[in-house]
Amino acid sequence: MSSAPHGTAPDPHPAPRMPRRRDDIAWADFGCPAGIPALLRGLVDPAAAAEAERVLGNVLMDGVFTLGPAMPAALPFLLRLAADPAVPVRTELVEVLFVVAELSHPVDGGSERAIRFLGGDRDHPERARCRAVFFEHAELVRGLLDDRTLPDGLIPPEERASLLKAAAA
């Protein structure tokens, strides 16, 4: 049965559907260990959350200033977890989101220094993919920025601006 309205042909190139479950993602396709879903689950376990957050950060980043190829796939889960006041490492996840937002911004192609330091956007498609995820989840981003349950001063103006810029892609 077609999901296209009666009388119209289905879209021959539908937008890819983002998996809604962490177990539905082929993490190995990104060069990541199959244990990513367990790490994401670990973020809600008070006994395992700190270690899960530390390991997950190492797995999802290719370096200090480089997002790993799996970051766009993990980002929707990180956003939802950061929005949940019950997550034990919520503050740390919000800080991870600051880093991801900042590193997902396009690099000035006219700046040889920026390109040498961060690499060109063509070589790092994960930046645009992360911006697309922030945009798709802009309501979560705005809710997080307005959340009064987060510690005062956690979201300084420059991080707020970076998150909003990433969500407006």
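How many helices and strands does the secondary structure of the protein chain come to? Color by secondary structure and count eight helices and two strands; helices (H or I, at least four residues) and strands (E, at least two) are DSSP runs, numbered from the N terminus. Along the sequence, the pattern reads α-α-β-β-α-α-α-α-α-α.

Before you click further, keep in mind that this is a predicted model: local features need pLDDT of at least 70, side-chain atom pairs count only at pLDDT 80 or more, and totals for chains, interfaces and linings use all residues. Residues are numbered from 1 along each chain as its sequence is written, and side-chain values use heavy atoms, with hydrogens and water left out.

**Whole chain**

The protein chain exposes about 10000 Å², with carbon and sulfur atoms supplying 56% of it; accessible areas come from the Shrake-Rupley method with a 1.4 Å probe, and for residues only the protein chains shown count as cover. Of the 169 residues, 39% are buried, where buried means under 20% relative accessible area, exposed means over 50%, and partly exposed is in between (1.4 Å probe, protein chains only). Take the contacts (heavy atoms within 4.5 Å) with a separation of 6 or more: residues 24 or more positions apart account for 62% of them.

**The core**

Next, select W27, L40, L43, L78 and F134, the residues with the most contacts inside the largest nonpolar core, which has 44 residues. Such a core is a set of buried Ala, Val, Leu, Ile, Met, Phe, Trp, Tyr and Cys residues joined through side-chain atoms within 4.5 Å. Elements giving two or more residues to this core include helix 1 (36-42), helix 3 (71-82) and helix 6. Its largest share, nine residues, comes from helix 3.

Now pick A101 in helix 4. A101 is buried, with a relative accessible area of 0%. Leaving out residues up to four places away in sequence, A101 touches F134, S162, L163 and A166. Draw a C-alpha distance from A101 to C130 as well: 7.7 Å in space, for residues 29 apart in sequence.

Hop over to S162, which sits in helix 8 (residues 157-167). S162 is buried too, at 6% relative accessible area. Show side chains for S162 and H105, and you'll find a polar contact of 2.8 Å joining them. A polar contact is a pair of N or O atoms within 3.5 Å; within protein, one must be able to donate a hydrogen and the other to accept it, and residues adjacent in sequence count only if both atoms are side-chain atoms.

**Salt bridges**

The whole structure holds two salt bridges, each being a side-chain nitrogen of Lys or Arg within 4 Å of a carboxyl oxygen of Asp or Glu.

Select R90 and D147 for one of them, with the closest N and O atoms 2.3 Å apart. This pair links distant parts of the chain, 57 residues apart: R90 is in helix 4 (residues 90-104), D147 in the loop between helix 7 (138-145) and helix 8. R90 is buried, at 5% relative accessibility.

Then select R54 and E51, whose side chains meet in a salt bridge of 2.5 Å, N to O. They are three residues apart in helix 2 (residues 49-60), so about one helical turn separates them. R54 is partly exposed at 43% relative accessible area, and E51 is partly exposed at 45%.

**Last stop**

Finish at H137, in the loop between helix 6 (125-136) and helix 7. H137 is buried, at 9% relative accessible area.
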